[in-house]
Amino acid sequence: MPDLFRSKPDTLVVALSDREEILDGLRRALADADDAERPGLGRALALVEAVPSRSEAELRGLWARERIESTGFPLADLTPDSVAAVRALRKAEPGLRLVQALALTKLAAATDAHRA
């Protein structure tokens, strides 16, 4: 079958989170710290631990939400089926296919709903 009729893999946005590596690094540094460094490293560790761990879907949604907002789109109007939000996302990221922009807009709206 020619490539024309094959569907492309639907890789939307690769979500990266190095939170665990950062936590491990801070814990190692704290274990080796002298008395002068210990308070600052302890505070840094507490701050990173306080940030909630996020799923890949939530990270993608947050990314899409930020990209949509960067075009001036009012986030109060962000709904999963907003054609204007899909347009805004494709304007911010012209390489996105329509199906990708639709999926990301749904994630962005869901992420927005969880933040409220």
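Helix 4 has two contrasting sides. In this predicted model, the exposed residues Arg87 and Lys91 sit on the face of helix 4 that is turned away from its buried side. The buried residues of the helix include Ala85, Val86, Ala88, Leu89 and Ala92. Why do they lie on the same side of helix 4? They span an arc of only 160 degrees around the axis, so they share one side of the helix.

**Nonpolar cores**

Leu89 also belongs to the largest nonpolar core, which has 14 residues. Ile68, Phe73, Leu78 and Leu89 have the most contacts inside this core. Three helices each supply at least two of its residues: helix 3 (56-69), helix 4 (83-92) and helix 5 (98-115). A second core is separate and has 6 residues. Among them are Leu23, Leu26, Ala33 and Leu41.

**Salt bridges**

How many salt bridges does the structure hold? There are 6.

| Pair | N to O distance |
|---|---|
| Arg19 and Glu20 | 3.1 Å |
| Glu56 and Arg60 | 3.0 Å |
| Arg67 and Glu93 | 2.8 Å |

Take the pair of Arg19 and Glu20, joined by a salt bridge. Is Arg19 buried or exposed? Arg19 is buried, because its relative accessible area of 16% falls under the 20% limit. Glu20 is partly exposed, with a relative accessible area of 42%.

Glu56 and Arg60 both belong to helix 3. They are 4 residues apart, so about one helical turn separates them. Their side chains meet in a salt bridge. Glu56 is partly exposed, at a relative accessible area of 46%.

Arg67 also forms a salt bridge, with Glu93 as its partner. Which parts of the chain does this pair link? Arg67 lies in helix 3, while Glu93 lies in the loop between helix 4 and helix 5. The two residues are 26 residues apart, and the pair links distant parts of the chain. Arg67 counts as partly exposed, with 25% relative accessibility. Glu93 is partly exposed too, with a relative accessible area of 25%.

Some salt bridges share partners. Through them, Asp24, Arg27 and Glu49 are joined into one network.

Methods
Residues are numbered from 1 along each chain as its sequence is written. This is a predicted model: local features need pLDDT of at least 70, side-chain atom pairs count only at pLDDT 80 or more; totals for chains, interfaces and linings use all residues. Side-chain values use heavy atoms; hydrogens and water are left out. A nonpolar core is a set of buried Ala, Val, Leu, Ile, Met, Phe, Trp, Tyr and Cys residues joined through side-chain atoms within 4.5 Å. Buried means under 20% relative accessible area, exposed over 50%, partly exposed in between (1.4 Å probe, protein chains only). A salt bridge is a side-chain nitrogen of Lys or Arg within 4 Å of a carboxyl oxygen of Asp or Glu. The arc is that of the directions from the helix axis to the C-beta atoms.
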